[in-house]
Amino acid sequence: MDAKLDRMKELIQVLNEAGKAYYQESREIMSNFEYDRLYDELQKLEKETGVILSKSPTQNVGFHVLSELPKEAHESPMLSLDKTKSVEELEEWLGSQKGILSWKLDGLTVVLNYNHGTLQKAVTRGNGEIGEVITNNAKVFSNIPLTISHQEELVLRGEAVIKYSDFNRINEEIGDVAARYKNPRNLCSGSVRQLNNEITAQRNVNFMAFALVSAEGVDFNNSRRVQFEWLKEQGFDVVDYKTVTRETLADTVKEFAKEVGNYDIPSDGLVLLLDDISYGQSLGRTAKFPRNAIAFKWADEIRETTLVKILWSPSRTGLINPVAIFEPVELEGTTVSRASVHNLSIMEALQLGEGDQITVYKANMIIPQIADNLTRSGTIKIPEECPVCSGKTEIRKVNDVKSLYCTNPDCQAKKIKSFSLFVSRDALNIDGLSEATLEKFIGAGFIREYADIFHLEQYEESITQMEGFGKKSYDNLIQAVKNASHTTLPRLIYGLGIAGIGLANAKMLCREFRFDFERMRHAEEEELISVPGIGKVLADAWINYFKQDKNNEMVDRLLSEVTIGQMAETEENTKLEGKIFVITGSVNHFENRKALQEAIEAQGGKVTGSVTSKTTYLINNDTTSNSSKNKKAKELGVPIISEEDFIKILEE
Ligand SMILES: NC(=O)c1ccc[n+]([C@@H]2O[C@H](COP(=O)([O-])OP(=O)(O)OC[C@H]3O[C@@H](n4cnc5c(N)ncnc54)[C@H](O)[C@@H]3O)[C@@H](O)[C@H]2O)c1
Ligand SMILES: [Zn+2]
């Protein structure tokens with residue numbers, strides 16, 4: 001008995017610590033899998049001993065809501081849901097009632113309050129008793145109606161979620177490691193609980209309603225389904241649901257299961273709700289759960305396998321992530337052989353070692369994770385050198401989480417943006433090398449410099465096995481690289497990413513130097529400045545770049561990989577070569593000024609922002625205008641032409 005009580009105390013402490021991080025700080029110090037396992041163990045011990053200790057997380061979420069956002073108590077507590085992993089239990093629970101089966105969305109629960117047809121208030125669930133007021137943030141969610149036709153008071157609950165597609169994009173754009181998110185739920189929580197709602201607005205947060213609490217003066221015919229339909233009419237997005245009976249339940253669960261893999265909205269199970277409102281309410285609640293709904297969690301498929309090694313994968317932020325590579329296993333219908341271990345703390349807690357027997361699963365049937373390490377040899381050594389640049393590594397501890405970093409500021413892994421520019425459409429134009437893919441390839445050591453992009457074939461086996469890659473996308477990539485190896489000098493120069501040398505400037509330089517790259521890279525400042533569009537700042541950036549041996553060597557290696565079509569691009573489109581335009585005022589023939597600029601650049605011309613003695617034409621439809629640009633042009637004798645004049649020049 002004592003041993004059991006001790007274990008219970010231990011579990012309560014660990015669970016409460018995890019819960020506090022999870023609910024209060026949008027952090028996870030253990031996986032949900034681990035949390036649920038320990039929770040179940042505690043619940044079992046409480047049943048066996050008949051004792052429930054104070055602060056037990058099975059009774060309440062016992063922490064304070066800590067944030068700088070204003071707080072507010074909920075009128076009625078927002079409870080958790082009792083859960084099961086068994087379809088039979090669900091069937092029994094439903095009995096002869098009609099039910100509504102919906103996704104259990106995995107985001108942040110928010111309560112909305114409308115009155116006089118407008119949104120008055122939005123509050124997060126918080127700890128169930130007290131939430132945070134986020135009204136200004138809710139107003140910039142992607143899909144919340146700010147005004148509705150119903151004029152009396154309306155209170156509804158729903159989940160704020162960020163779709164997987166948005167999550168991948170947004171997370172990639174966050175440069176700062178500490179600010180990156182592990183999963184869409186974290187990102188959503190971080191986006192909704194912002195002090196600055198501009199950030200919320202950029203994050204594409206969606207609100208999916210799942211419960212109508214009260215709507216004065218509306219008769220719903222005692223049906224939750226009717227409530228959902230009514231909410232849709234008011235302009236809300238309602239969680240996808242299906243009505244079920246005991247007979248159709250199992251098949252409907254299967255239908256949902258089939259969709260999980262493709263569903264863009266994060267979910268962590270299903271919720272079964274009684275359609276009969278008054279009967280559901282008559283059932284009341286326990287301390288922690290309402291009795292009119294129950295959650296269904298997917299029974300995770302768990303496989304045992306052997307850990308082959310830990311791959312250390314550096315990212316652009318310097319963070320080096322441990323990735324577990326294991327003997328391939330089938331999980332939820334796909335073959336899986338790798339799983340992120342997230343950070344050093346988790347790796348150490350799992351005591352990983354090569355050859356260990358581990359169990360793996362897919363969290364919410366999607367993201368592969370290690371569930372447990374059965375042999376715990378703990379022999380993995382943390383590398384002292386970065387696998388990409390061999391720079392020194394360093395262990396940093398933030399919020400009790402230990403992570404490994406590369407300390408070399410010149411680490412290639414930190415230069416994703418420059419590789420990304422190099423492969424972009426106007427540069428080498430290589431399809432299939434998104435930033436995420438580049439990050440993976442650099443992390444795996446396939447790419448250290450530009451020239452390496454032309455030797456990816458040697459990694460065919462590894463690449464085709466990468467998450468998100470197949471034989472077909474690999475073949476496409478290799479073909480795209482091959483096509484890109486025949487390029488033009490302006491593209492290549494632009495791709496080097498020298499400060500201020502955009503495509504138009506690169507073209508201009510090439511023309512002025514007659515496509516003689518050797519002359520260009522040894523050019524003096526004076527020569528460079530005489531090129532239209534190149535001033536002292538750009539000339540210095542250019543000289544500085546080619547002053548460095550390592551850059552020249554790198555460019556030489558790159559040049560040996562490509563063939564340069566000398567004149568191809570320039571012969572055709574040179575009508576406006578050497579001409580410099582300034583555009584002012586509105587345009588009507590072209591869609592906008594940008595489109596006009598593109599048309600000029602497509603013919604080898606250049607567009608600058610201010611009128612100088614080098615300007616060839618000022619384009620302005622209002623030739624009588626007295627704007628500063630027009631004055632300046634008149635002063636300097638620069639011809640002022642209309643869009644139509646310009647089109648004539650083009651057609652000449
Ligand atoms: N990793 C960790 O350290 C850690 C810590 C604490 C909790 N957790 C995870 O959180 C879970 C417990 O979370 P909880 O208590 O917040 O909630 P819960 O899992 O009991 O879910 C209940 C909530 O789901 C929401 N919901 C989403 N879609 C819904 C729908 N269609 N209908 C009705 N409700 C819907 C509602 O807000 C409801 O309050 C644990 O099982 C665990 O997986 C993890
Ligand atoms: Zn490095």
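How many helices and strands are there in the protein chain? There are 25 helices and 25 strands; both are DSSP runs numbered from the N terminus, with helices (H or I) needing at least four residues and strands (E) at least two.

1. Before you dig in, some ground rules. This is a predicted model, where local features need pLDDT of at least 70, side-chain atom pairs count only at pLDDT 80 or more, and totals for chains, interfaces and linings use all residues. Residues are numbered from 1 along each chain as its sequence is written, while chains are lettered from A and ligands numbered from 1 in the order in which they are written.

2. Now the overall picture. Of the 652 residues in the protein chain, 35% are buried. A residue is called buried if 20 or more other C-beta atoms lie within 10 Å of its own, exposed if 12 or fewer, and partly exposed in between, with C-beta atoms placed from the backbone. Take the contacts with a separation of 6 or more: 67% of them link residues 24 or more positions apart. Two residues are in contact if their C-beta atoms, placed from the backbone, lie within 7 Å.

3. Have a look at strand β11 (residues 267-274), where 7 of the 8 residues are buried. It runs antiparallel to strand β3 (residues 99-105), with 6 bridges between them, and Ile 100 has Leu 273 as its bridge partner. β11 is also joined to strand β12 (residues 293-296), again antiparallel, by 4 bridges; here Leu 272 is partnered by Ile 294. For strands to count as paired, DSSP has to find at least two bridges between them.

4. Next comes a hairpin. Strand β14 (residues 319-331) and strand β15 (residues 334-340) pair in the antiparallel sense over 6 bridges, and Glu 330 stands opposite Thr 335. There are 2 residues between the strands, and Glu 332 takes a positive phi near 45°.

5. What about the nonpolar cores? Each is a set of buried Ala, Val, Leu, Ile, Met, Phe, Trp, Tyr and Cys residues joined through C-beta atoms within 7 Å. The largest has 67 residues, and Ala 324, Ile 370 and Ile 493 touch the most other members. Helix α17 (residues 503-512) gives the most to this core, with 5 residues. Apart from it lies another core of 52 residues, including Val 192 and Leu 249.

6. Strand β24 (residues 617-619) is joined to β25 by 2 bridges, with Leu 618 partnered by Ile 640.

7. Finally, the ligand. There are 24 residues around ligand 1, and Ala 18, Tyr 22, Asn 32, Ser 80 and Thr 109 come nearest (a residue is near a molecule or strand if its C-beta atom, placed from the backbone, lies within 6 Å of it). The elements giving two or more residues to this shell are α1 (2-25), α2 (32-49) and β3, and the largest share, 4 residues, comes from β3.
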